[in-house]
Amino acid sequence: MAEAHPVGFQYVVEAKNRGAKIIHVDPRFTRTSALAHTHVPVRAGADIAFLGGVVNHILSNEKDFREYVVAYTNASMIVSEEFRDTEDLDGLFSGFDPSTASYDQASWMYAGAEDEAKQPASTETAEPMRHESHGPPVPAGVPRDLTLRHPRCVYQILRRHYARYTPEVVERVCGVPRDQFLEVCEAWTANSGRERTTALVYSVGWTQHSVGVQYIRTGAIIQLLLGNMGRPGGGVMALRGHASIQGSTDIPTLFNLLPGYLPMPHHRQHETFRQWVDAIRHPEQKGFWANAEAYAVSLLKAYWGDAATADNDWGFGWLPRLTGDHGTYQQVLDMIDGKVKGYFLLGQNPAVGSAHGKAQRLGMANLDWLVVRDLFMIESATFWKDGPEVESGEIVPSQCRTEVFFLPAASHAEKEGTFTQTQRMLQWREKALDPPGDCRSELWFFQHLGRRIRAKLAGSRLARDQGILQLTWDYPDDDGEVILKEINGYDLSTGQLLPGFAGLRADGSTSCGCWIYSGVFKDGVNQAARRKPGREQDWVAREWGWAWPMDRRTLYNRASADPDGRPWSERKKYVWWDPGAGEWTGYDVPDFEKTKPPSYRPPDGASGVAAISGDDPFIMQGDGKGWLYAPSGLIDGPLPTHYEPAESTVRNPLYGQQANPARKVYERPDNPVNPISRVYPFVFTTSRLTEHHTAGGMSRQLAYLSELQPEMFVEVSPQLAGERGLEHLGWAHIVTARAAIEARVMVTSRLRPLRIEGQLVHQIWMPYHWGNQGLVTGDSANDLLGITLDPNVLIQESKVGTCDIQPGRRPTGPALLEYVAAYRRRAEEHGR
Amino acid sequence: MGADSLFGPLDPAPDAGWTAAPPRMGFFTDTSVCIGCKACEVACKEWNAVPDDGFNLLGTSYDNTGGLSANSWRHVAFIEQDVLTQTGRPDINWLMMSNVCKHCTHAGCLDVCPTGALFRTEFGTVVVQEDVCNGCGYCIPACPYGVIDQREDDGRAWKCTMCYDRMGDGMTPACAQACPTQSIQYGELDELRTRADARVAALHADGDSRARLYGHDPQDGVGGDGAFFLLLDEPEVYGLPPDPVVATRDLPAMWRRAGVAGLAMAAAVVVSFLGGRA
């Protein structure tokens with residue numbers, strides 16, 4: 001955190017000064033470890049084994065917050081008789097079909113609801129992503145055992161599933177000594193409960209694994225068991241990779257989502273408007289998604305205005321359709337195969353920043369056109385004339401077919417708008433100065449691009465052009481507030497800005513660009529621009545920025561009160577029921593119907609919001625409960641299980657199943673995977689340096705940053721340096737099945753070999769900031785990676801792989817290709 | 001104030017002739033909360049338009065600046081120490097410290113400057129006037145910390161000004177403003193000294209017996225620093241001199257000795273003449 005989020009780390013330092021104990025679990029000793037009380041070195045890719053051990057510690061020692069767990073989680077729910085666990089099936093859950101590498105999830109469902117399980121969730125379209133703001137469908141009225149003794153209740157399933165994740169197993173799998181592991185367990189459990197809460201903060205490297213979603217699920221299970229959700233000082237917080245990544249999922253740059261987590265329609269599953277809307281709202285389900293039609297219609301009204309009418313299903317037919325996997329990695333492979341003609345790159349440098357750099361560059365070299373908008377001439381704009389493949393002969397500049405257009409872009413200081421951070425808080429930024437020369441904001445660029453495309457299409461009668469021609473596209477130049485108002489939404493009959501999403505209607509009388517952001521322009525005031533200092537208000541500081549939904553600073557905060565609506569403790573008082581006034585009140589906006597009493601129980605047959613019980617805090621979930629066990633919605637299992645990374649140096653110590661069986665793989669000659677082999681004997685991981693920014697486009701161009709970390713380097717332990725003959729500050733090269741790159745050697749005790757299953761495992765670390773453009777240049781660590789994805793969200797496994805390291809520089813020119821190929825051949829020949 | 005302007009405690013601004021000087025301002029750099037982000041180095045260069053110092057991988061942990069120089073007025077040192085935990089497990093101490101000009105009470109650089117380019121500000125800090133400096137370089141060996149340095153291309157001497165141009169407007173110096181963890185604290189020196197004492201006591205109470213102050217003592221060889229530090233090891237570990245002394249401390253003694261020697265010589269001459277007559 002100190003490395004990649006130094007500004008946010010000030011709060012950790014502040015907490016430490018106030019007595020907090022800081023534990024840092026990381027493969028290597030970083031600037032964060034330097035400030036922590038304890039650094040726990042761990043093997044990269046073994047996090048579920050570690051966290052599963054924490055779950056086991058909580059359950060075997062009954063350290064869970066039992067009253068919270070019984071009332072607010074699905075611990076008491078009874079699961080189908082058909083369910084079989086990984087403990088029964090050697091690492092697989094019931095329902096696995098090896099021919100498709102996917103699960104039939106019916107047996108994971110709650111008892112009696114097996115038929116309602118959705119069949120089977122699609123790996124092609126990252127379907128589970130749309131559950132980011134709400135749970136997948138489950139029926140109401142699930143059988144429960146509040147004593148938690150029923151052998152098929154979630155609590156007992158959880159106990160059995162994690163029983164083998166003992167401290168001894170954690171030591172064997174993760175390399176963490178027993179006493180150090182128990183120190184972490186003690187600290188976490190001692191700081192949770194009625195009087196205390198613990199926040200789990202992770203950075204997005206955690207998501208970059210073939211089991212990334214399940215990593216975070218394991219963290220969520222711990223936080224639910226300890227009663228740390230929906231309460232002040234608790235939660236699971238993602239520190240995003242850069243500004244407004246939260247914003248770019250809320251109003252997505254993702255292929256499978258529309259604003260507010262509405263799904264992009266699929267050409268077969270959502271042929272009609274009704275099919276699409278019902279797939280979101282699940283007519284019989286309880287919870288706030290029941291109103292999804294109002295959110296969907298209002299979005300279409302924002303897109304198409306008066307042209308969207310009840311008669312044309314609000315223009316639903318003009319929306320693009322999914323036909324399969326259009327994720328970024330599939331697109332790159334499609335480019336290589338000649339299926340993609342044009343590509344826009346905006347503030348992204350995949351030639352350096354994305355996994356399998358060679359695939360990225362070869363893909364971009366096989367387009368008709370490529371538009372790069374960036375602050376500087378980055379590698380993704382110049383790969384065709386001086387990239388690594390030009391040196392190796394794989395790209396010949398005079399024959400490269402891609403026409404590259406470079407358009408200079410305005411920086412964040414040269415345009416206005418909002419950033420949305422991890423707390424879902426929108427903060428307005430003013431424009432500090434005009435962009436230089438021809439640089440333009442995204443807003444300006446897209447508005448003018450839209451104008452020009454519409455002018456070219458004017459008069460077209462082709463059906464495919466109508467969606468563009470009918471768009472409302474009358475924006476003033478560079479006025480971010482006009483856009484934010486459109487996002488907030490209008491009452492179309494009065495032209496007034498809406499106060500919140502409760503005002504949205506499905507009859508076409510409202511428009512709203514993103515329903516969860518509705519209210520950000522409440523009362524005609526840019527709420528995101530509020531900047532009342534913290535010292536001038538209470539500790540929740542609600543007059544700073546604006547958080548979705550409806551300015552709630554802590555989501556599901558009904559859980560901060562007990563089932564009867566009283567605060568769990570005076571110390572952790574946050575939102576509570578005021579019986580006198582007959583309403584929920586507190587420091588935050590209650591995340592609950594304001595006047596629904598804790599004693600409310602839904603009548604039989606109730607659905608939607610009326611079906612939410614007075615003690616169901618997780619109001620967006622189909623059953624109102626926090627999910628320890630996910631009966632549906634995830635592609636790779638209802639419970640997190642330790643699998644080895646796609647590339648590992650060891651066999652899975654826990655199960656016969658080696659890696660995530662449902663992981664997304666692209667088996668093609670240009671995407672080879674390292675087998676377990678002594679040819680690739682070491683584990684490597686990558687991350688950032690404080691001194692640089694991601695793929696370097698904004699830091700390697702600046703002298704003041706470049707001088708601070710001027711060269712690509714690789715960190716190795718003194719033991720590995722000795723074993724391989726690596727000299728401090730000398731050269732070394734690192735080899736995988738995809739590439740060999742070179743770097744200067746940093747020998748440091750901050751990396752330490754770990755003992756895994758009796759075998760010494762060396763870990764290597766590299767920053768990934770370098771490429772061949774800018775003031776300081778070097779090889780790109782991401783070239784080493786192949787493409788293997790988490791099946792739920794299609795995020796690449798880029799934080800762990802296997803490799804070899806050798807002293808000296810790598811071969812150059814075509815010899816480099818042969819060198820890497822020879823490694824592949826040896827790995828195949830030798831096997832293990 | 002001090003009767004002896006060349007050594008010992010005194011308030012330097014009034015001593016330099018400022019009437020109604022504001023309180024002496026300074027830096028307290030608490031290395032126990034430094035995260036080595038180097039924002040101080042960058043902010044300093046941005047504000048003061050200091051050129052880059054070359055792109056050199058030094059291999060000294062994460063320090064690629066190397067030290068304070070004409071082109072680096074803040075410098076973050078990184079020290080990796082192999083240690084053992086209480087249970088005997090190998091562990092690391094990774095010390096980080098943002099170094100800076102000490103703005104000494106008795107500033108050797110200022111004392112030897114023949115042109116008046118170096119002067120004592122009303123805030124008690126020491127600043128080079130770049131339009132006066134003629135590049136004679138006398139100040140460089142005079143600094144007991146090795147801070148002030150000549151820029152190769154123009155020959156003039158450069159160092160931290162404590163952002164004199166910002167201070168005048170009541171603003172915080174750029175490095176302290178940019179520091180995310182309040183490792184660099186700026187304020188009235190007296191108050192910073194009180195704060196630093198409390199911080200050391202708190203760390204000692206927490207069981208960190210390594211904590212100690214450096215440059216805070218007006219009785220030390222430079223009369224105390226305007227920029228002082230909380231360190232977690234001996235000063236030498238961070239590349240700081242353990243017992244810096246301003247050259248002028250010995251000036252009176254030297255003059256005295258020179259005077260005595262001169263008198264003795266004169267006496268000897270007189271004696272020799274007298275003897276000759278005898």
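**Where the two chains meet**

In this predicted model, 33 residues of chain A are in contact with 27 residues of chain B. Which elements of chain A give two or more residues to the side that touches chain B? They are α1 (9-17), α2 (31-35), α20 (703-706) and β24 (740-747) of chain A. The largest share of that side comes from α20(A), which gives four residues. By residue class, the side of chain A that touches chain B divides into 18 nonpolar, seven polar and eight charged residues. As for the predictor's own scores, the complex receives an ipTM of 0.92 and a pTM of 0.93.

Let me turn to chain B itself. Chain B has eight helices and ten strands. Its C-alpha trace spans about 85 × 50 × 40 Å along the principal axes. Chain B is divided into domain 1 (3-247) and domain 2 (251-278). The centres of domain 1 and domain 2 of chain B, taken over C-alpha atoms, are separated by 44 Å. Of the 278 residues of chain B, 42% count as buried. If we take the contacts in chain B between residues at least 6 apart in sequence, 59% of them join residues at least 24 apart. The mean pLDDT of chain B is 93, and 97% of its residues reach 70 or more.

I now move to a sheet in chain A. How many strands does this open sheet have, and in what order do they lie? There are three strands, in the order β9-β10-β11 (chain A), and the pairing is parallel. The edge strands, β9 and β11 of chain A, each pair on one side only. From one strand to the next, the twist averages 15°. As a general point, the strands of a sheet pair through backbone hydrogen bonds, either parallel or antiparallel. Between β10(A) and β11(A), which run parallel, there are six bridges. A:Val372 stands opposite A:Phe406, a residue of β11(A).

A helix of chain A packs against these strands. Helix α15 of chain A covers residues 379-386, and its buried residues are A:Glu379, A:Ser380, A:Ala381, A:Phe383 and A:Trp384. Against which elements do the buried residues of α15(A) pack? They pack against the strands β9 (342-346), β10 (369-374) and β11 (403-408) of chain A, and also against α13 (350-353) and α14 (357-364) of chain A.

Next, some individual residues of chain A. A:Trp770 is placed in the loop between β27 (763-767) and β28 (788-789) of chain A. Is A:Trp770 buried or exposed? A:Trp770 counts as buried because 28 other C-beta atoms lie within 10 Å, and the cut-off for a buried residue is 20 or more. Leaving aside residues up to four places away in sequence, A:Trp770 touches A:Gly696, A:Met712, A:Thr777, A:Gly778, A:Asp779 and A:Ser780. A:Trp770 and A:Tyr823 are 53 residues apart in sequence, and their C-alpha atoms are 24 Å apart in space.

Some backbone details also deserve mention. A:Trp548 and A:Pro549 are joined by a cis peptide bond, with omega about -10°. A:Pro549 is found in the loop between β17 (546-547) and β18 (575-578) of chain A. A:Met550 is placed in the loop between β17 and β18 of chain A. The phi of A:Met550 is near 55°, a positive value in a residue other than glycine. A:Met550 counts as partly exposed, with 18 C-beta neighbours inside 10 Å. A:Ala541 lies in the loop between β16 (510-511) and β17 of chain A. A:Ala541 is not a glycine, yet its phi is positive, at about 55°. With 16 C-beta neighbours inside 10 Å, A:Ala541 counts as partly exposed.

Why is A:Ser248 called partly exposed? The reason is that A:Ser248 has 14 other C-beta atoms within 10 Å, a count between the limits of 12 or fewer for exposed and 20 or more for buried. A:Ser248 and A:His830 are 582 residues apart along the chain, and 45 Å separate their C-alpha atoms. Thank you for your attention.

How values were computed. Residues are numbered from 1 along each chain as its sequence is written. Chains are lettered from A and ligands numbered from 1 in the order in which they are written. This is a predicted model: local features need pLDDT of at least 70, side-chain atom pairs count only at pLDDT 80 or more; totals for chains, interfaces and linings use all residues. Two residues are in contact if their C-beta atoms, placed from the backbone, lie within 7 Å. Ala, Val, Leu, Ile, Met, Phe, Trp, Tyr, Cys and Pro count as nonpolar, Asp, Glu, Lys and Arg as charged, and the others, Gly among them, as polar. Domain bounds come from an automatic or database domain assignment. Two strands pair if DSSP finds at least two bridges between them. Axes are lines fitted to C-alpha atoms, for helices over the stretch in contact, and angles run from 0 to 180 degrees between N-to-C directions. pLDDT is the predictor's confidence in each residue, from 0 to 100.
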